Amino acid sequence: MSEENNGMVELQEWFYQHKGAMLLRIVDDGVFREMSIEEGEMFLLPANTPHNPVRFANTIGLVVERIRPADSIDRLRWYCASSTHTEPTIIYEESFHVTDLGTQLKPVIERWMNNEELRQCKACGHVADAK
């Protein structure tokens, strides 16, 4: 895992992989981990776990999320890919209450992509790709 965006939700998320496999990249106890969820498998992601689901062609997966309470906050964060860090180091994080994930993610991602200052790691100076 590196500079990819990672979601973090205050609630659990349930993953079910109907066809094929998927990869779920998470930050667990200060360490990047990759979990494969195979066809027919389920996984309950604990609340407040930074994660980045990776889907592949010709696969079908389902993610079930609860309706968010009015006071819940989601986070979208990016980590530094520089090998100088010994643990995950956040470059940028934005927090917001989700009412429509489909429309709310795009402006956050565009802000990240269009602002080199946001993409620069405060700890080491590395500038993340605008992807």
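The legends below describe close-up views of a predicted model.

Local features are given at pLDDT of at least 70 and side-chain atom pairs at pLDDT 80 or more, while totals for chains, interfaces and linings use all residues. Residues are numbered from 1 along each chain as its sequence is written, and side-chain values use heavy atoms, with hydrogens and water left out.

**View 1. An open sheet of 3 strands in the order 5-2-7.** The pairing in this sheet is antiparallel. Strand 5 (42-45) and strand 7 (60-65) are the edge strands, each pairing on one side only. Neighbouring strands are turned by 20 degrees against each other on average, direction ignored. Strands are DSSP runs of E of at least two residues, and helices are runs of H or I of at least four, both numbered from the N terminus. Two strands count as paired if DSSP finds at least two bridges between them. Axes are lines fitted to C-alpha atoms, for helices over the stretch in contact, and angles run from 0 to 180 degrees between N-to-C directions.

**View 2. The pairing of strand 2 with strand 5.** Strand 2 (residues 13-19) runs antiparallel to strand 5 and is joined to it by 4 bridges. Tyr 16 stands opposite Met 42 in strand 5.

**View 3. The largest nonpolar core, with 12 residues.** Its members are Leu 76, Trp 78, Cys 80, Ile 91, Tyr 92, Phe 96, Val 98, Val 108, Trp 112, Leu 118, Cys 121 and Ala 128. Two or more residues each come from strand 8 (74-79), strand 9 (90-96) and helix 1 (101-114). Strand 9 gives the most, with 3 residues. Apart from this core lies another, of 6 residues, among them Phe 15, Met 22, Ile 37 and Leu 45. A nonpolar core is a set of buried Ala, Val, Leu, Ile, Met, Phe, Trp, Tyr and Cys residues joined through side-chain atoms within 4.5 Å. Buried means under 20% relative accessible area, exposed over 50%, and partly exposed in between (1.4 Å probe, protein chains only).

**View 4. The surroundings of Phe 96.** Not counting residues up to four places away in sequence, Phe 96 touches Ile 73, Asp 74, Leu 76, Gln 104, Leu 105 and Val 108. Contact here means heavy atoms within 4.5 Å.

**View 5. Positive phi at Asp 29 and at Asn 48.** Asp 29 lies in the loop between strand 3 (22-28) and strand 4 (31-37). Its phi is near 55 degrees, and Asp 29 counts as exposed because its relative accessibility is 72%. Asn 48 lies in the loop between strand 5 and strand 6 (51-54). The phi of Asn 48 is about 60 degrees, and this residue is partly exposed, with a relative accessible area of 42%.
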